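Please look over the model shown here before reading on. The report covers helix packing and backbone geometry.

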Amino acid sequence: MNICLLNSFKNAVEINVQKRIDCKQIISFYKTDFQRSSYSCWSCKKNLNELETKSQFCPCDKKVILPPNNNISYFEIFNINMDYRIDMTELTKKFRQNMRKLHPDLFTMKSDVEKKYSADQSSLINKAYDVLKNPIKRGEYLLNLIEPKHASEIIEFHESDSEKKQILMEILELNEIIDEIKLPKEVAELAQRLEEIMKPFEDDLEKAFNSKDYNQAYSVISKMKYFKNVEERIKDLQLKFNIENS
């Protein structure tokens, strides 16, 4: 090794030892600096506070689109309370309001950065809407927010034999009806019937969340998931017959 280089290295080590530089402090500094820069507008370089980072546009005069904040909850995206029971009409209204501002078609003449952020923001909003409008997905998502340790699992509860038999019989009957469907009207009627079947489960799930009985919430969601295949088959029929699924 070059003698000068070796001496320089030794001197650097001695200086660092004397100053007792902590590697964790160095890493922390750069980490903090990175986090700070990530809260700045990419265009005007304005430092954004936590609330401003949850917005879709920079509050500066330019009003440029921001990248999506992945730490924001789906409830925050639509500015609604973090409850299981939500106003579906209000949710759909806010979804459409957001898309009227962020749809990629509105950014075709903008910079590549703005095009990307528009696509990312729209994707996040679509995903959030898909989850919150679905009773099962909404329940799972809310449990994930409340109890992150259960993020990847929904406990399988064992229903009584009579309860399980009733659920399976209903599913069998619904699938038989689906097999015989030939008209759009029949699809709409079946979708309405499924909503009526799921309503008591949704009521039970709301009560479980309100009373903070999360074991009961897991149990109810486990039962609701039996109907997931029926729900998907109905969605396929709605697409086939060009029926809007709000």
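## Basis

This is a predicted model.

## Helix α6

Helix α6 covers residues 112-132, 21 residues in all. At 1.5 Å a residue, α6 should span 30 Å.

The buried set is E114, Y117, S118, Q121, S122, L124, I125, A128, Y129, V131 and L132. These buried residues of α6 pack against α4 (74-77), α5 (88-102) and α7 (135-146). An α-helix has 3.6 residues a turn, so residues three or four places apart point the same way.

## α11 against α9

Two packed helices are described by the angle between their axes and the distance between the axes. For α9 (residues 184-210) and α11, the axes come within 10 Å and cross at roughly 155°. Angles over 145 degrees count as roughly antiparallel, and α9 and α11 are therefore roughly antiparallel to each other. Their crossing is left-handed.

On the α9 side, the contact uses V187, L190, A191 and L194. On the α11 side, it uses V230, E231, I234, L237 and Q238. By class, this contact of α9 with α11 has seven nonpolar residues, one polar and one charged.

## α11 against α8

Helix α8 (residues 161-180) also packs with α11. The angle is about 15°, and the axes are 10 Å apart. Angles under 35 degrees count as roughly parallel, so α8 and α11 are roughly parallel to each other. The crossing of α8 and α11 is left-handed.

I171, L174, N175, I178 and D179 of α8 meet N229, V230, R233, I234 and L237 of α11. The residues of this contact between α8 and α11 divide into six nonpolar, two polar and two charged.

## Positive phi angles

Most residues other than glycine have a negative phi. K45 is not a glycine, yet it has a positive phi of about 70°. K45 sits in the loop between α2 (23-37) and α3 (50-53). Its relative accessibility is 57%, so K45 counts as exposed.

N242 is not a glycine either, and its phi is positive at about 55°. N242 lies in the segment after α11 (228-240). At 71% relative accessibility, N242 counts as exposed. The cut-off for exposed is over 50%.

Key
Residues numbered from 1 in each chain as written. Predicted model: local features only at pLDDT ≥ 70, side-chain atom pairs only at ≥ 80, totals over all residues. Heavy atoms only, no water. Helix = DSSP H or I, 4+ residues; strand = E, 2+ residues; numbered from the N terminus. Expected span 1.5 Å × (residues − 1). Buried < 20%, exposed > 50% of the residue type's maximum accessible area, 1.4 Å probe, protein only. Contact = heavy atoms within 4.5 Å. Axes fitted to C-alpha atoms, helices over the stretch in contact; angles between N-to-C directions. Parallel < 35°, antiparallel > 145°, perpendicular 65-115°, else oblique. Left-handed = near helix turned anticlockwise from the far one by under 90°. Nonpolar A, V, L, I, M, F, W, Y, C, P; charged D, E, K, R; others polar.
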